[in-house]
Amino acid sequence: MLGDRNMDSLQGKTLIRKSGEEVLADTALAAADIVCYYFSAHWCPPCRMFTPVLAEFYSELKSSNKNIEVIFVSSDRTVQEMMQYMKEDHGDWIAVPFSDPLVHARWCLPCRRFTQLLAEFYNELKWRTEPFEVIFVSLDSNDEEMINYMRESHADWLSISVDRKDNLCDILRDWFGVEGIPALIILRRNGYVITMEGAMDIQVRGIEAFYSWLDGSGITLSPQTVSSLTFDDDDDRFSPF
């Protein structure tokens, strides 16, 4: 039995392998001395870089008869993406089925925490009548999931429909090179990038981050970002548009 309280969420559950084979959690973990929860997603480039390393590590330990098991908890947007990711890059470990509430309950906890902070930041600036707006670019599976998330945690800002036929959310994520979330990119009204590190700025500076963006202090563009943006000789900012 899975006696430890940290494993209670798996008691009696059916897990899956990348082959689609189903296995009871109690059986799969009965001999495991070490259990690793692996939170990852195919859309996340750092995840795709690390997963083959973890797969090699896992295979080497298994070949040495070490009692270790990995449980993949997907942050992918669809079951198809999750299974493709497992078949392409994962070791022969087990995963929580995409339909299981555990997957959705743990979807990007850092995002949920930061969203509450951003909502407070946004509401304070609106109360001060400052010229500031947020556009939410969602990685949720569909508009229904996105709207539920917005109703739970978001302020009264704008969003881009996930269901758009032109895939604008994916286009923006790729253009700005977003490799992890939460990410907050700060732009001027004309589209010029002030900083790619808005989330960190708010966590460190609080409301003063907004005023530093206005006066241009603390601009933080990574070399990769700078090389991907277009420089306009008539302005001292970089534009993605």
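Axes here are lines fitted to C-alpha atoms, for helices over the stretch in contact, and angles run from 0 to 180 degrees between N-to-C directions. This is a predicted model, in which local features need pLDDT of at least 70 and side-chain atom pairs count only at pLDDT 80 or more, while totals for chains, interfaces and linings use all residues. Residues are numbered from 1 along each chain as its sequence is written, and side-chain values use heavy atoms, with hydrogens and water left out. Helices (H or I, at least four residues) and strands (E, at least two) are DSSP runs, numbered from the N terminus.

First, the helix pair. Helix α8 (residues 198-205) and helix α9 (residues 208-215) have axes that come within 8 Å and cross at roughly 125 degrees. α8 and α9 are therefore oblique to each other; angles under 35 degrees count as roughly parallel, over 145 as roughly antiparallel, 65 to 115 as roughly perpendicular and the rest as oblique. On the α8 side, Gly198, Asp201, Ile202 and Arg205 meet Glu208, Ala209, Ser212 and Trp213 of α9, where contact means heavy atoms within 4.5 Å.

Now the sheet. It is open, has 5 strands in the order β2-β1-β5-β4-β3, and its pairing is mixed; two strands pair if DSSP finds at least two bridges between them. At the edges are β2 (22-24) and β3, each pairing on one side only.

What covers β4? Strand β4 (residues 68-74) has 7 of its 7 residues buried, meaning under 20% relative accessible area, with exposed over 50% and partly exposed in between (1.4 Å probe, protein chains only). Ile68, Val70, Phe72 and Ser74 point one way, and Glu69, Ile71 and Val73 the other.

β4 runs parallel to strand β3 (residues 34-40), joined by 7 bridges, and Tyr38 stands opposite Phe72. From β3 the chain passes through helix α2 (residues 45-63) to β4 in a right-handed β-α-β crossover; that is, with the strands pointing away from the viewer, the path from the first strand over the helix to the second runs clockwise.

The crossover from β4 through helix α3 (residues 79-89) to β5 is right-handed.

Strand β1 (residues 14-17) pairs with β5 in the antiparallel sense over 2 bridges, with Ile16 opposite Ala95.
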